[in-house]
Amino acid sequence: MPLRCPFVRCLTWVLLPVALLLGCERPAASSGARPGFDAPAADVSAPPAELVLPAGAPRVLFLGDSIGAGLHLAEHQAFPAVLQRRLAQASLPFELINNSESGRTTSGGVAALQWSLRSEPDLVVIELGGNDGLRGIELELVEKNLRTLIEGSRAAGAEVLLLGVRLPPNYAEFAAEFDALYPRLAEEYGIGFVPFFMQGVGGNPALNLADGLHPTAEGHERLADRVEPVLRAALERIAGASAL
């Protein structure tokens, strides 16, 4: 569906350079480094002790973008890894397969899906759509791609957890329609759902790096707070099913 509002369409082009930062870990070779945008974050920490997972621990695939990848942070500081450590301590260990990539759209997720599913995950966490929304990609395509991700994951025998995405309010009518897509799909498919998983973090300068887009290490801890209850419930269902 094309953007219906000329103002929104123009605003999208104004914000496009900002949105593209989601997909750029480093600038073009000729541009030079931009402190605060391309350098590692100041709060990158040393990795904790490696987790020892029990045999048969469920596999959880995160299919995400730069947020799931923990852009500018160490891999273990990204919220998927934070969740893995927390739930292992809560006797719900899982093998983490974090296939998140900076700049990925829902179309990129569809392109990566079949390769990602080779890992035979028990649960697929879909954290995609933010780049689509910021770039003003047509909502029909976003919906089609999310359906493909959900249905493809289910066909491979995995449960699905969808992380809700919202757009800034200045995207007007498009934002309202975009935001409503995630809960509608979650209800239709009867899958796990976290409404606006970046609530309290997105747009909060204290929890984002200098680029204003990517969470700090503390911000990722907050994202883990948001996702943990629903992920925990899914892992408990998987554990219960495997015990039958």
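Start by selecting F62: at 2% relative accessibility it counts as buried, where buried means under 20% relative accessible area with a 1.4 Å probe, protein chains only. Before you go on, note that this is a predicted model, where local features need pLDDT of at least 70, side-chain atom pairs count only at pLDDT 80 or more, and totals for chains, interfaces and linings use all residues. Residues are numbered from 1 along each chain as its sequence is written, and side-chain values use heavy atoms, leaving out hydrogens and water.

How many aromatic pairs does a search of the whole structure find? It finds four, counting rings of Phe, Tyr and Trp (its six-membered ring) with centres within 6.5 Å; planes under 30 degrees apart are stacked, over 60 edge-to-face, the rest tilted. F62 and F79 have ring centres 5.9 Å apart and planes at 80°, so they pair edge-to-face. The pair links distant parts of the chain, with F62 in strand β1 (residues 59–64) and F79 in helix α3 (residues 79–89); helices (H or I, at least four residues) and strands (E, at least two) are DSSP runs numbered from the N terminus. Show F197 as well: F62, F79 and F197 form one aromatic cluster.

Next, select F178 and Y182, a tilted pair at 5.7 Å centre to centre, with 55° between the planes. Both sit in helix α7 (residues 172–189), four residues apart, so about one helical turn separates them. F178 is buried at 0%, and Y182 is buried at 0% as well.

Conventions. Buried means under 20% relative accessible area, exposed over 50%, partly exposed in between (1.4 Å probe, protein chains only).
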